[in-house]
Amino acid sequence: MNDEKAGRKPRGRAAAVGLTKERIVEAAVRQIDEKGLAAFSIRELARVLDVSPGNIYWHVGGAKEDLFAEISASITVSVSENLAPGMDWQGRPRPASLAHP
């Protein structure tokens, strides 16, 4: 169990730069939006966040699949929040596709 889940204050480099799961997911979504999913890299994400790849895995659950689950959840929430009430079903995918090319 990591310190964050156990209620203890995180220490070390990740804490010094303010690394959180939310910050990791935001940076990952940005990287995917800019470079595409095929070019996504944990090492590049770690470089952008100025931490080691191990810090990323520690914060998101231990596997790349855990990070992708968090990314999917984040995008789903942002799409849901940006749907206009009464919008017809044909128009719903458009805002999502424009937000995440």
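1. Start with helix α3: its buried residues pack against α4, α5 (53–60) and α6. Buried here means under 20% relative accessible area, exposed means over 50%, and partly exposed is in between (1.4 Å probe, protein chains only). Contact means heavy atoms within 4.5 Å. The buried residues of α3 are Ile-24, Val-25, Ala-27, Ala-28, Val-29, Gln-31 and Ile-32.

2. A word on what you're looking at. This is a predicted model, where local features need pLDDT of at least 70, side-chain atom pairs count only at pLDDT 80 or more, and totals for chains, interfaces and linings use all residues. Residues are numbered from 1 along each chain as its sequence is written, and side-chain values use heavy atoms, with hydrogens and water left out.

3. Now the overall layout. You'll find 7 helices and 0 strands in the protein, so the elements read α-α-α-α-α-α-α from the N terminus on. Helices (H or I, at least four residues) and strands (E, at least two) are DSSP runs, numbered from the N terminus. Of the 101 residues in the protein, 22% are buried. Among contacts with a separation of 6 or more, 54% are between residues 24 or more positions apart. The accessible surface of the protein is about 6600 Å², and carbon and sulfur atoms hold 54% of that surface. Those areas come from the Shrake-Rupley method with a 1.4 Å probe; for residues, only the protein chains shown count as cover.

4. Back to α3 for its length. This helix has 15 residues and spans 21 Å from its first C-alpha to its last, close to the 21 Å expected at 1.5 Å a residue. The expected span is 1.5 Å times one less than the number of residues. Just after α3 comes Gly-36, with a positive phi of about 95 degrees.

5. Which residues touch the most other members of the largest nonpolar core? They are Ile-24, Phe-40, Leu-45, Leu-49, Ile-56, Leu-67 and Ile-71, and the core has 17 residues. At least two residues of this core come from each of α3, α4, α5 and α6, and α3 gives the most, with 6 residues. A nonpolar core is a set of buried Ala, Val, Leu, Ile, Met, Phe, Trp, Tyr and Cys residues joined through side-chain atoms within 4.5 Å. As background, nonpolar side chains tend to be buried together in soluble globular proteins.

6. Zoom in on Ile-24. Leaving aside residues up to four places away in sequence, Ile-24 touches Leu-19, Leu-45, Leu-49, Ile-56, His-59, Val-60 and Leu-67.

7. There is 1 aromatic pair to find. Phe-40 and Phe-68 sit 5.5 Å apart, centre to centre, with 55 degrees between the planes, which makes the pair tilted. The rule is that rings of Phe, Tyr and Trp (its six-membered ring) pair if their centres lie within 6.5 Å; planes under 30 degrees apart count as stacked, over 60 as edge-to-face and the rest as tilted. Because Phe-40 lies in the loop between α3 and α4 and Phe-68 in helix α6, the pair ties together parts that are 28 residues apart in sequence. Phe-40 is buried, at 7% relative accessibility, while Phe-68 is partly exposed at 29%.

8. How many salt bridges turn up in the whole structure? The search finds 3, each being a side-chain nitrogen of Lys or Arg within 4 Å of a carboxyl oxygen of Asp or Glu. One of them joins Glu-70 to Lys-21, with the closest N and O atoms 3.5 Å apart. That pair links distant parts of the chain, since Glu-70 is in helix α6 (residues 64–81) and Lys-21 is in helix α3 (residues 21–35), 49 residues apart. Both ends are partly exposed: Glu-70 has a relative accessible area of 26% and Lys-21 has 25%.

9. Glu-44 has two partners to check. Glu-44 meets Lys-35 in a salt bridge (3.5 Å, N to O), and Glu-44 also meets Arg-47 in one (2.6 Å, N to O). Glu-44 and Arg-47 are 3 residues apart in helix α4 (residues 42–49), so about one helical turn separates them. Through shared partners, Lys-35, Glu-44 and Arg-47 form one network. Lys-35 is partly exposed at 46% relative accessibility, whereas Arg-47 is exposed at 55%.

10. Last, look at Asp-50, in the loop between α4 and α5. Its phi is near 65 degrees, a positive value in a residue other than glycine. Most residues other than glycine have a negative phi. Asp-50 is partly exposed, with a relative accessible area of 46%.
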